Amino acid sequence: MTYQDPYQGLNFQHPSRMQSPLSESNSMTPTSDLSLSNRPHAWSDPMYDQTWGVNTAAAAAYNDDSQGAHTFVMPQNSGRYDSSGLCSDSSNESFSQQLVEQQQQLFEQQLSQQQQPQQPGMNMMAQYPAQVGHRPMAVQSSRMSNPKDFTSAPSRTVYLGNVPPYITTRELLDHVRSGVVEDVKILPEKMCAFISFVDENSALLFHSDAILKRLNIDDRDIKIGWGKPTQIDPIVAAGINNDGATRNVYLGKLNTNPKMCAQWGADPNEETITEEKLRNDLADFGEVESVKIVTEKGIAFVHFSSIFSAIKVVANLANVNPYYAQKKIFYGKDRCAFITKTQQHNAAQFLGIQPGMEPLFSNDRELISQTLLQQSAAAAAIATSAGGANNLGNRTIYLGNLPKDVKLEEICNSVRGGLLQHIKLLNDRHVCFVTFIDPTAAAQFYAMSSLHGLTIHNKRCKIGWGKHSGPLPNPLALAVSRGASRNIYLGNIDFEDDRKLEQPIFTETSLRSVFQEFGEVEQINFLYERNCCFINFANISSAILAIDKIKSIPTFKDLKINFGKDRCGNVPRQFC
């Protein structure tokens, strides 16, 4: 198959299609030259609203039980302690000392302002990076070479090192949720990759998120850095400005089902479309990253590894392949630019937006991106100022001086601001370790508790950082993106019939005996008027395992079973 190359007849070649970004020029067009706000409406791909799907069996196989030896860091000391209170070696400063000093200054500035009234609608944590953009030019310029800088992007290309040599483009981009990707290059022999975004803000958001959450792929810690600045291709820039071009090509009026295709104007006598046919027909235009066929609508979405390849398809496919002559061909939304519910929730909480009001700004990607960047910078400042540079990305908070005989349920009632991965109470030592899903939530909880105090049973608790939690395991991250939490909902319960049984099943004692097999149960709540109950586990992995296994038990086969909302993820009371 042949096609007309958009570069044909022009006096230049595509500057970066076949060469490594390491060898590309240092010139770059400012992203403000691209009027992205004027894009036409793009087709929406329903696949990528849930693109971070999860194999619950695989997720359930992950059960972090390695909480035996904990350490913690007290706010006033950057050294590390074990649970007996004995000091060990101070953390090794592997990051730039300059970054730590800058973040320490930010932290101290915020502490000095804690007696001042907060800005209405703004979370205290949101004030941490407020002065970042007003540093002297010498400080700002030094950040251009600092790979741990969360406030400026020297390039729209992010470097990833130590990637698996066998990784595919789709597997790599499954970890990207920050903006429109312009191009992806994977160099298997060097175990590295380069992801170029359309704009620098998207690159910065991915860069900071990957560092803060310690991006891990197939048990490999990924090294994050910056690629050399490159000029966006003129044809790609024109395609973005004029047509809203992305890597995603939308194909409509396809014969996905001969019995139904007449409904959307497709010919039932033509060849039925398949993923194999799409890949074969479009392979000459460039690397195909992923294919999604929506059979019941007669449409398909094909993501390429670059916008340039997608532009060639939209411009030439109908002319070079008669099968697509009467098809609808345009651009869809880049799956890497879809805003997840977690991102919406984090941004809303950071801005102090009340629960339920998130939809008001859910489609404003620029606002959400800027908010998430500020949140990452604030989280980094909080974590490193109290626990040292190696504490960056930590998700575990230490609670000490707890009341005697305090219950796990009572501690969870006091924890707010983010979903929990697990919580472990050591009653004999009167301490507890709370591990959040997101490091930004951990930093916010630490900051709020340090400034306002955390009181349980009229006793003020000590707040510190626990031993570094490491990155969130990928199967668990995928499960959370699909709505997993520590809380399981059981609906459609007939409590009246259950009470008539000789041994009722839906009582706290009976349910605890059943669900305790999957892990420690923290709390059980009954809503009799709504015929439902909620089982909260101490570990999210226990809930994932339980929801996968419980459906096979005859007693629960007719019930509605799903994940409920983790109450620890509610907005902190200071902002309610």
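This is a predicted model: local features need pLDDT of at least 70, side-chain atom pairs count only at pLDDT 80 or more; totals for chains, interfaces and linings use all residues.
Biologist: Which residue forms a salt bridge with Arg279?

Modeller: The general idea comes first. Side chains of opposite charge can pair when their charged atoms come close. Here, Arg279 pairs with Glu275, and the closest N and O atoms are 3.0 Å apart. Both residues sit in helix H7, 4 residues apart, about one turn of the helix. Glu275 is partly exposed, with a relative accessible area of 38%.

Biologist: Lys277 forms a salt bridge too; with which residue?

Modeller: With Asp281, again judged by the closest N and O atoms, which are 3.0 Å apart. This pair also belongs to helix H7, 4 residues apart, so about one helical turn separates them.

Biologist: Is Lys277 buried or exposed?

Modeller: Buried, because its relative accessible area is 13% and the cut-off for buried is under 20%. Asp281 is buried as well, at 13%.

Biologist: Where do Arg512 and Glu508 lie?

Modeller: In helix H15, residues 508-515, with about one helical turn between them. Arg512 is partly exposed at 24%. Glu508 is partly exposed at 37%. Salt bridges can also share partners: Asp174, Arg247, Glu289, Asp334 and Arg335 are joined into one network that way.

Biologist: How many salt bridges does the structure hold?

Modeller: The count is 17.

Biologist: Which residues gather in a patch of negative charge on the surface?

Modeller: Glu171, Asp218, Asp219 and Asp221. Glu171 belongs to helix H4, residues 169-173, and is partly exposed at 39%.

Biologist: Now strands. How many residues of E18 are buried?

Modeller: 4 of its 5, so count E18, residues 462-466, as mostly covered. To see the pairing, follow the bridges: 4 of them join E13, residues 396-400, to E18, and the two strands run antiparallel. One of the contacts to find is Gly400, whose bridge partner in E18 is Lys462.

Biologist: What is the phi of Asp405?

Modeller: Positive, about 65°, although Asp405 is not a glycine. Look for Asp405 in the loop between E13 and helix H11. Asp405 is exposed, at 61%. Asn492, not a glycine either, also has a positive phi of about 65°. Asn492 is in the loop between strand E19 and helix H14.

Definitions and conventions: Residues are numbered from 1 along each chain as its sequence is written. Side-chain values use heavy atoms; hydrogens and water are left out. Patches are made of residues with over 30% relative accessible area and no salt bridge: like charges are joined within 9 Å, nonpolar side chains (Val, Leu, Ile, Met, Phe, Trp, Tyr) within 5 Å. Accessible areas come from the Shrake-Rupley method with a 1.4 Å probe; for residues, only the protein chains shown count as cover. A salt bridge is a side-chain nitrogen of Lys or Arg within 4 Å of a carboxyl oxygen of Asp or Glu. Lys and Arg count as positive and Asp and Glu as negative; His and the chain ends are not counted. The place of a charge is taken as NZ of Lys, CZ of Arg, CG of Asp or CD of Glu. Buried means under 20% relative accessible area, exposed over 50%, partly exposed in between (1.4 Å probe, protein chains only). Two strands pair if DSSP finds at least two bridges between them.
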